[in-house]
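Colleague: I am new to this structure. Please take a close look at the part where the two chains meet.

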Amino acid sequence: MDVISQLQRQFIDYTSSLYREGYVDDQFSQLQKLQDESNPDFVVEVVSLFFDDCQKLVQNMAQALEQQNVDFRQVDSHVHQLKGSSSSVGASRVKNACIAFRTFCEAQNREGCLRCLQQVNQEYSVLKNKLQQLFRLEQQIIAAGGSIPMVE
Amino acid sequence: MAAVEAQPQFHVLAVDDSLIDRKLIEKLLKTSSYQVTSVDSVCKALEFLGLLNEEDQRNSDIKVHLIITDYSMPGMTGYDLLRKIKESPSLKDIPVVIMSSENIPSRINRCLEEGAEEFFLKPVQLSDVSKLKPHLMKENSKEIPSRCSSSGPQQCFWPASSICI
């Protein structure tokens, strides 16, 4: 197999595993379908915005949970925002972690919230690594002169 | 007033406080061949539409064919924007579409009863955007007047608590 086919095979396998393992859902493939010649970096741009958002929101949640009297509505508002943006980019594990998180906010359970925050942080970190790996593979394919295969 | 030229493209005003969702809706609309202006608050939307400041002539030639807005936003909500649009004699015929991440039937009904054309659940997709065409005004595209033609100050009233940044 030549280099391009090998890389493309790797790309297909890696992408499939991300879907199979629930890291991303159909919304992510919707983003990929929106990418075109007029906006070839669309997915990378949106995903970068998402990771910046994650980082900021996680920080805000941590700060809010550190307070003497935790304002759970404030924490919930940050989680709601993160749930929204993770849903918009197809980051399904992050989204699910947020859904669980909200129930602990509603119950005003600080320990539960802290556990969820850890979970959210972990999911976002893992996803970030995985998507960076995916984007690297894409760049390698393009650098070798190949095209990115569509993965259904 | 200057003669109105037929615009080759429909102009959509998108309102959403989430940067990611704004980027997404912009892309969805542009892919569907709409011209897009996006703002991050109801205040900025009202300003753009000329409802905020009656003396604001900057955007007097702007035509908006459809408004698509998020429901939940800090300050004024998409529902508040919908009401303002429907209460304005000059803007009430502009179709308004509401988006929300939450599937709450009472919320959806309230918006539709207030005159929203559609209610989209987020994440919004291309198939949703394709539903917009029938709602768009064609020959009757409204030009935004340079002055608010409302009957009195109460048409442009909103609570003092909402601050426009």
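Modeller: A salt bridge here is a side-chain nitrogen of Lys or Arg within 4 Å of a carboxyl oxygen of Asp or Glu. By that rule, chain B and chain A share two salt bridges. In one of them, the side chain of Lys23(B) meets that of Glu45(A) at 3.0 Å, N to O. The model is predicted, so local features need pLDDT of at least 70 and side-chain atom pairs count only at pLDDT 80 or more, while totals for chains, interfaces and linings use all residues. Residues are numbered from 1 along each chain as its sequence is written, chains are lettered from A and ligands numbered from 1 in the order in which they are written, and side-chain values use heavy atoms, with hydrogens and water left out.

Contact, meaning heavy atoms within 4.5 Å, links 14 residues of chain B with 20 residues of chain A. Together the two chains bury about 1,400 Å², 65% of it on carbon and sulfur atoms; buried area is the accessible area (1.4 Å probe) that two parts lose on being put together, summed over both. Of the area that chain B buries against chain A, 44% comes from Ile20(B), Lys23(B) and Lys27(B), more than from any other three residues.

Between chain B and chain A there are two salt bridges. Helix H1 of chain B (residues 19–31) gives eight residues to the side that touches chain A, the largest share. Helices are DSSP runs (H or I, at least four residues), numbered from the N terminus.

Methods
Helices (H or I, at least four residues) and strands (E, at least two) are DSSP runs, numbered from the N terminus.
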